[in-house]
Structures are given as structure tokens and as C-alpha cells.
Amino acid sequence: MTDPTPHHDGAATAGARPAEVAIRDLTVVYRTEHGDLPAVSHASLELRAGEITGLVGESGSGKSTLALSLLNAVPAPGRITSGSVEVAGVGDVTRLTGRRLRRARGGALGYVFQASQNSLNPLKTVGKQLLDLGRSHEVEDLRALVRRARELCERMGLDADRVLDSYQHELSGGMRQRVGIVLALVLNAEVLVLDEPTTALDMISQAAVLDIVRSVHRENGLATLVVTHDMGVVSEIADRLAVMYGGRIVEHGPAGELLRRPSHPYTRALIGATARIVGDTRLARALPGQPPDLTTLARRGCVFRDRCPLAMPVCEESDPALSEWTPGRFRACHADPVGRAPAPAAVPAPRAQDDPTGGRP
Amino acid sequence: MKGFLLRLAAKLAAGLVMVFTVATFTFFLVHALPGNPGDAAYEGYVLGGMPPELARAKVSVVYGFTSHEPLVDQYLGYLGQLLHGNLGVSISYSGVPVADVIRAAVPWTVLPVLSGLLLSFLVGCTAGVVAALRRNSRSGSLLSLSGSLMAGVPSFVLALLLAFLFHTLWNVLPYGDTSDVTIAPGFTAEYLGSVATHAVLPVATYALLGYGGWLLTMKSSVASVLGDDFILAAELRGIAPATRMRYVGRNAVLPLFTTLALSVGHMFAGSVLIEDVFDYPGLGNLLLKSIGNRDYPLMGGAFLLITVTIVVANILAELLYSVIDPRVRR
């Protein structure tokens, strides 16, 4: 916890609440025939209780990998090679193994799958899977667990009796999504991670699910992370926003401000590419080029420079560090911040991000 | 429940149609075969020095039919008898009703085939799970290799090999017949033990024949379930490993039940060769002999029984499936 990285003490950011989750200098590497390819590089992010953090980026940007590393569940051949994920009351998740790791998953850390995914065993009723969950976590009072699940179901507008007695194929996409949230929260999780919570849902269900996320988040005082590629979703529910590109967090800050005045050229492009329902749809601008995958990712310099309208010679040389350019807002870019309030003194120093301490002793 | 009964009724009806079709085909195909048992017997009697008139009379008494009736009349007569459960009288076992001959042979096929099938299913599926879980290690690939090799061995080769090794070479297991002829049949330990040791070679053959197929199918099924979202979801919910393995096992074995039902029929057909190799007096052996003897009624009866077995096995599989898969149940 004594990470020296100066730009992440977060003291300047709005809430003074302690971080429920502190991701520090996290690097996740995929072992392949082409060598070790970083899916997440030196990412640092804090999730606070009572705050919804949105994590946005294109597919392949590393956002899902980052979300999974919160549960130390990066799929093989991926591996967390440096950094830490401190969760209040649990410790550094990246060092947990065996039973303690298993109990943290589903315990303090609730993970909700994409709505289009089938996250339930098709051969068992929801109720039976709830009991499996309780037994796996050695819950003594299974009746109380069922009561709590019923309560959560009712709060989400589900008919608890029906749902607990149903198989997955008898539930609609929106209902499955809500059941996923129930199962993630039933053991009193403090951290809720939602992976693409609205993808593959129709607009009405999307709105309903977002409403539910917002209300359970508030009622339970959760630290919530919403992973999505949908700017509409984050603009609707997120308090804070982190933007990922090529495995790096390139910008983060308060959601409203960040959306109104994006600072990183990638964020700007991302917002510019969002088509609007009202107004001229032709105003949406596609970002030229392709997002990098792990094999085409630049090994040196800024990962975004090939698609960046502001690319400069220095971008070839060094990877810009994520730094606070105006109180509460962070970005990783060599170019002059745009949309900044009257110029503060320090322009982020262009230097390679190669923090040798890496958070590990 | 109502839907279930309806489906069952539909299955039964389809099964009856199947049995009828097979009975019809068997009847006409068998009669299209060259050679005629009546003529063969007649010639035999004549060669044995019997006057032709007497020989003809004897043939018609022994075989109980006059082969000069039109085929269609014979067919209708056959169907009529079939409806009354009468399969006719065997020709080669002169005068014995076909039903009795078959009834005596059935247990010696059903028991070895079913126990061999069950054994291969259990062992093959277990090995398949292990092979899938260790598919990136040496032991996993060796297991898969054993499956591929065993799946490629023809049944008669395997049967001959086992007979050679365990009877001819090492003489540790008996061969031929269902029990030691010196032991009186009965519910005695001695007799049952003898039956069991005599059954080892055929059962082992059936089991080994199925093993490779089950292993490979189960391996790919487990591998695909392991990649399913709900398994990862269970892991991220902190579900205990043993429970997760149960999730995987039940989901992976499900599609194999259809194959299991189909393979019952397959095994019965395969028993023809295997019982011949081991000289084991089951249904397959009976069928082979009845073809050699041009024993039409016996042939028809044996074919019919195999058909009924397959139809019944399929219906049972369907029922079983609807018990274990909720998506089919409701």
C-alpha cells in the first residue's frame, strides 16, 4: 500500500472515502509463441465505495482482462506479472490462492457476466445453484441465504418464487442478467464488477438493468465497476470514468467532466464516434485505423500514436505516463491538454513509464 | 406430464411402424434368397435313399408349410401369426417354436452386451474426463491415443486376439459355451461362477470395443463444456471445485446418452461376429446359424427381436433424456 507513484494518491479527487479497491501498476501478460504480450500495462485505478466507475474501451483494449484481474481470474495463458489489487478486508487479491481466493470470489467480490452469456448451469434451477453457492461458501444458515436472495429478487422486480424455481432457459435475457446480479450480491459483496451489463439486451431491458444497478449500488454502498464499450451506458450511470486503449488507462476522471471535455485524443475520438439519436447522425466520426491487438501493439512509445491526430516525434520515443493535468483528472498524452481550465503550471513530463518498484517488494 | 405422455405415445407408434416395416422387409428379402430349405431337405432325403413321394410328404410334415402358396398369402399368414405372438416353427431345430429357440438364446446375448456396454461407457467416460482435464499433459495425450487406437480395431480382430491370448496362449479363461458342461445349471455358486468366467472374454471384447469411442466423445464433450460461460461464472462465484466438476460432468455426459441408445443396437449387430468367434450360443450365433441353415422363421424372428431391441432402447433413451435434461422435460 505504500506505492510511491505520486499521481495516484487520489487525494485531490472528489470523495474523501477510502478506496475499496486499489489497483496499482497492474500488468497482465499473455504468454504466446510470439513472446510475452501485455494485455494490461501498468494500470492504476481506485474504486471507492458509493461510486460507480465506468471502464470503457474498444474490444481488445484490455478492459475485460483488467476486470477479471480484480478477481485474480485472468484466463490462461494470461498472467499477472506485476502490480497489486488491494481489496479492503481481503488484501492483495493477486497473491491469494486456493480456498482464500475462492472465498473472495463471490464473497467480497461480485462479478456479473455479460447478459448474452449463459452464466447459469442449464441443468439446475436457480434455487439449487443458489444453494450450491451457499454451500461452497460454507454459509451456515441456508434459509437466511434464500431469504436474502428473495429480497434481492423482489427489489429487482423479479418474482422470487418463480425465478428460484426456474431453469436458465426459462428466463429472458434481462431476467438472467438480474439473476446474475442477485447471485453476485447475495453473499454481501462490497465490490460489484459488471462486464458489459447491457450488451445484447433490448433498449427497454437495458434501461431497466441500469436502473437496478444504480439502485442496488446506492442501497448497498457498493464500489461498482461497469465495463463497457457503450458510451451511452457510462454517461448514464458512471460517477467516474476510465478509458482504456491498448492495455493502458489513457484517461480517467469524473464522468461528467470527462464526457463534456475529453482531454485525451482517443477519448475525444471515442466520443466523436458515438452516433446520436437526436441531431445529425452524420456528425459521428469513425476513428480511422484499427485498434491494436496484442501482436500489433507498439512496444515503444505511445500505443495510440498511429491513429492519433496530434502525434509528435516524441510519441515514437516514449510512452506517456498517466498523470494529473488538472485537479482530479488524469491522462496519458504528450500533447498539450485541450479543454483545460486556465493553464496550470505543470505540463505532464514526457517520460517512459517504467516504474521499477512496480508495487512489489 | 401430458406433453410427455403424448411424446411417448408418438414414439411407441413410430416404433410399431418400424417393427412392421422390418418384419415385412425381412419376410420378402429372406424369401428372395437363393436356396430353399424344403428343396434342400427333400434332396437330402432322396439322397439318403428315400422314395421321392415319401420324401415330399415328410418335408411338408416337418416344415409345416406348402411352399406353393402365393408369396402374398404366405406374407399375410405370417403377419397374422405375428399378431398372435407366434413366430412360427424352426426348421433347423425341427419342430421347436421359434419363440422358444430365441428365448433360450436371448439372455446369453443381452447380459454380455449390456454389461460390456455399461462397462465401456463407465470406463470410457471416466477416462474421457481425465483426458480432457489433462489434455495439455503427456498422460492426457497418452489416454487420448489409447482411445484412438482402440476405436480403430475391428471387432473380430479384437475377439480373436483376446481368445488367442487368454485361452490358447495362457489358458487362464475358458472359451466356448456359456458354462462348464460338467456343472449342472442351477442357482449354485459353482454354476454362476462358471457362467461368469465364461462370459469374461465376450464381455471384455464388447467393453474394449466401446471404450475408445466413449473416451473420445466424452473428451471432446468435456472440453467444450469446460469452455462454457457458466463454468467460468461458477468459478468467479467461488463455487467449490467438486461442485464445478459435477456441473461439467452432468452437462458433458448428456449428449452421450443418445449415442448410448444407438450403440445398443450397434452392439447387438456386432454380437453376430463376436459370438461366432467365441462360439457363444447367443442371439448372434443363432442368427448366423439360421442363415446357414436357411431357417426362414428363425431368421425372421431373430431380425425382428434385434429391431424391437433397438426401438425399445431408443425409446428408453428418450425417456431418460427427458428425466435428466430440463430443457427437454418441459
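Me: How far apart do the C-alpha centres of domain 1 and domain 2 of chain B lie?

Reply: This is a predicted model, and in it the two centres lie 40 Å apart. The domain assignment gives residues 38-86 of chain B to domain 1 and residues 98-329 to domain 2. Along its principal axes, the C-alpha trace of chain B spans about 90 × 55 × 40 Å.

Me: How many helices and how many strands are there in chain B?

Reply: Chain B has 14 helices and zero strands. Its pattern along the sequence is α-α-α-α-α-α-α-α-α-α-α-α-α-α.

Me: Where in chain B does UniProt place the feature "domain: ABC transmembrane type-1"?

Reply: The UniProt record, an unreviewed entry, puts that feature at residues 106-317 of chain B. In the model this span is 81% helix and 0% strand, and its end C-alpha atoms are 21 Å apart.

Me: How do I describe two helices that pack together?

Reply: Two packed helices are described by the angle between their axes and the distance between the axes. Take helix 12 (residues 283-292) and helix 13 (residues 296-324) of chain B: their axes come within 9 Å and cross at roughly 145 degrees. The crossing of helix 12 of chain B with helix 13 of chain B is left-handed.

Me: Which residues make the contact between helix 12 and helix 13 of chain B?

Reply: Helix 12 of chain B contributes B:L283, B:L286, B:L287, B:S290 and B:I291, while helix 13 of chain B contributes B:L298, B:M299, B:A302 and B:L305. By class, this contact has eight nonpolar residues, one polar residue and no charged residues.

Me: Now chain A. How do I read a sheet?

Reply: Strands of a sheet pair through backbone hydrogen bonds, either parallel or antiparallel. In chain A, four strands form an open sheet in the order 2-1-4-5, with antiparallel pairing. Strand 2 (35-48) and strand 5 (91-92) of chain A are at the edges with a single partner strand each, so one side of each has no neighbour in the sheet. Strand 4 (residues 78-87) of chain A pairs with strand 5 of chain A over two bridges, in the antiparallel sense. Opposite A:E86 stands A:D92, in strand 5 of chain A.

Me: In what order do the eight strands of the other open sheet in chain A run?

Reply: Their order is 6-7-8-3-9-10-12-11, and the pairing is mixed. Strand 6 (109-112) and strand 11 (323-326) of chain A are the edge strands, each pairing on one side only. From one strand to the next the twist averages 20 degrees. Inside this sheet, strand 3 (residues 52-56) and strand 8 (residues 223-228) of chain A run parallel and are joined by five bridges. There A:G54 stands opposite A:V226 of strand 8 of chain A.

Me: Which strands does helix 6 of chain A touch?

Reply: Helix 6 (residues 173-185) of chain A packs on the sheet and touches strand 6 and strand 7 (191-195) of chain A; its direction makes about 170 degrees with that of strand 6 of chain A. Helix 10 (residues 265-272) of chain A lies across strand 9 (240-245) and strand 10 (248-254) of chain A, at about 100 degrees to strand 9 of chain A.

Me: How many residues of chain B are in contact with chain A?

Reply: In chain B, 16 residues are in contact with 23 residues of chain A. Helix 9 (229-236), helix 10 (241-253) and helix 14 (326-329) of chain B each give two or more residues to that side of chain B. Helix 9 of chain B gives the largest share, five residues. By class, the side of chain B that touches chain A has seven nonpolar, three polar and six charged residues.

Methods. Residues numbered from 1 in each chain as written. Chains lettered and ligands numbered in written order. Predicted model: local features only at pLDDT ≥ 70, side-chain atom pairs only at ≥ 80, totals over all residues. Contact = placed C-beta atoms within 7 Å. Nonpolar A, V, L, I, M, F, W, Y, C, P; charged D, E, K, R; others polar. UniProt positions renumbered as here; feature names shortened; annotations may be inferred. Pairing = 2+ DSSP bridges. Axes fitted to C-alpha atoms, helices over the stretch in contact; angles between N-to-C directions. Left-handed = near helix turned anticlockwise from the far one by under 90°. Domains from an automatic or database assignment.
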